[in-house]
Amino acid sequence: MGQDNASAANNVSKWTGTVYIFSLLGAFLSDSYWGRYKTCAAFQAIFVLGLAALSLSSYIFLLKPRGCGDERKQCGPHSTFETAVFYLSIFMVALGNGGYQPTIATFGADQFDEEDPKEGSSKVSFFSYFYLALNLGSLFSNTVLGYFEDQGMWALGFWASTASAALALVLFLCGTPRYRHFRPRGNPLSRFSQVLVSATRKCRIETDPSEEDLFEVDGGDCSAGGERRILHTRGFKFLDKAAIITPGDFIQDDDDSDDDNNNKLQPHHNNPWRLCTVTQVEEVKCILRLLPIWLCTILYSVVFTQMASLFVEQGAAMRATVGGFHIPPASMSSFDILSVAAFIFIYRRVLDPVVARVRTKPRGLTQLQRMGIGLIVAVLAMIAAGAVELFRLKYADKSCSSCEGSSSLSIFWQVPQYVLIGASEVFMYVGQLEFFNGQAPEGLKSFGSALCMTSISLGNYVSSLLVTMVMKFSATDVMPGWIPRNLNRGHLDRFYFLLAALTAADFVVYLLCAKWYQYIEFVRPSTESNGDGDVD
């Protein structure tokens with residue numbers, strides 16, 4: 001496109017941010033209107049069309065422009081039409097990828113029945129193998145597609161991506177007759193608003209109602225709506241007022257105005273803007289309880305994003321040749337992918353069974369405990385990266401004009417930090433997927449998966465902000481900041497140690513939030529009575 005590095009990097013950041021914004025759109029449509037199957041199929045089709053358009057536009061307009069590009073005549077800027085086609089293509093890819101990712105994880109989890117012990121166990125394993133599949137796709141991208149790009153075969157790389165996405169769509173559609181489907185619950189924003197409005201209207205009620213005094217539909221109505229009732233929990237007592245029954249909360253049918261039974265309160269006649277069910281109130285409580293946990297995962301994503309940025313710059317400043325063969329610094333992320341695969345196997349086959357024998361209630365490590373372990377391992381990864389940078393500076397040529405390959409320290413000293421990041425992903429991101437999917441209300445499962453993606457997105461933005469602040473406050477007359485263009489003149493190690501300290505502080509806050517968190521509990525079908533909806 002003829003853009004300089006700053007403009008290209010800025011556009012990449014905008015595109016990445018757009019992907020995660022579209023993930024919220026996909027989650028909203030999935031949970032509210034389309035359902036997960038239709039959302040997956042629709043956004044996958046958009047993804048394939050976007051990649052096909054990108055491949056065509058790159059081959060026809062961008063990579064082989066007519067009448068220029070040889071040694072005699074350089075190419076000028078692309079026409080408005082060519083630029084528009086290119087941006088339309090990449091934002092179609094962003095729309096398809098962003099809308100598809102949070103929904104496919106939830107749709108896959110829907111195929112397992114939590115009430116069945118065997119399927120419930122398989123559902124737990126599903127998230128691990130789902131994350132492993134994502135990393136294997138990244139391995140294909142880093143190796144095969146990376147080779148095509150290094151050889152200048154950009155169009156072939158795009159077409160390979162298109163073929164992979166089209167094959168994935170065909171495989172997805174082939175399983176249509178066997179899928180389990182759940183009906184969407186409607187717009188969650190209206191349900192949330194109803195709770196807030198109803199609780200505000202009753203804010204002057206001073207009574208502290210017992211659980212039996214709160215309004216709830218019977219078990220039959222819940223089953224008909226495809227949802228499970230949520231047990232009442234303590235906390236956020238203000239919201240409980242939305243479920244307190246007061247005069248005027250019910251709508252009476254005109255046809256039954258003279259009926260003697262007219263005074264009976266029928267659950268399906270309640271005004272939802274004046275009276276909400278316990279389940280509806282608990283949905284709002286659930287989201288409010290999830291937010292502190294979600295905020296604590298953002299700083300971990302800051303650590304995770306260093307693998308695609310500062311780790312690569314650090315590797316470029318190290319000795320990257322082995323026997324005359326040059327190792328691209330970006331390819332070191334393959335050790336992260338291998339680490340993810342290895343630790344998923346170690347956790348599922350070794351660690352989890354051992355812990356399950358020691359701890360029976362709850363059985364094994366909880367999701368919150370695994371996420372906490374992920375934060376601890378991330379701290380170790382940053383300490384390892386900082387230690388490697390200290391030794392890199394010790395063996396670096398400070399007088400060089402460019403720091404690329406200026407240190408005699410081998411790039412393979414980066415392997416421990418990549419391995420530790422991979423191990424932390426298994427505990428943090430896999431645990432995060434399980435946690436948000438399991439704790440999100442029935443009508444917000446895709447939104448729970450989207451929270452994981454927005455955590456990564458905000459991690460990128462916070463990382464950029466943190467780097468900017470560090471460069472501003474660390475620059476002196478003798479040193480252009482901790483992370484200058486020439487790393488030999490800075491102190492990248494201090495930035496890594498700063499991240500380790502911030503992550504350790506985040507872990508302390510996370511412990512407090514995890515201790516405060518109250519797990520959501522659903523009413524089991526076997527515990528619901530036949531008529532009055534009371535819990536045995």
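1. Helix α6 (residues 188-201) has 14 residues, which at 1.5 Å a residue should span 20 Å; its end C-alpha atoms are 20 Å apart, so the two figures agree. Please keep in mind throughout that this is a predicted model.

2. Which residues of α6 are buried? They are P188, R191, F192, Q194, V195, S198 and A199. Seen down the axis of α6, these buried residues fall within an arc of 155°, so they line one face of the helix. L189 and R201, on the other side of α6, are exposed.

3. The start of α6 is worth a look too: there, the backbone nitrogen of L189 has a side-chain oxygen of N187 within 2.8 Å.

4. Moving on to helix α3 (residues 80-110), we find T103. Its relative accessibility is 0%, which is why T103 counts as buried. A polar atom of the T103 side chain lies 3.2 Å from the backbone oxygen of G99. Not counting residues up to four places away in sequence, T103 touches G26, A27, S30, R36, T39, C40 and S446.

5. Lastly, G120 belongs to helix α4 (residues 117-150). Is G120 buried or exposed? With a relative accessibility of 19%, G120 counts as buried, because the cut-off is under 20%. Leaving aside neighbours within four places in sequence, G120 is in contact with D113 and E114. From G120 to A109, the C-alpha to C-alpha distance is 9.7 Å, with the two 11 residues apart in sequence.

Note on methods: Residues numbered from 1 in each chain as written. Predicted model: local features only at pLDDT ≥ 70, side-chain atom pairs only at ≥ 80, totals over all residues. Heavy atoms only, no water. Helix = DSSP H or I, 4+ residues; strand = E, 2+ residues; numbered from the N terminus. Buried < 20%, exposed > 50% of the residue type's maximum accessible area, 1.4 Å probe, protein only. Polar contact = N/O pair within 3.5 Å; in protein donor to acceptor, adjacent residues only side chain to side chain. Contact = heavy atoms within 4.5 Å. Expected span 1.5 Å × (residues − 1). Arc of directions from axis to C-beta.
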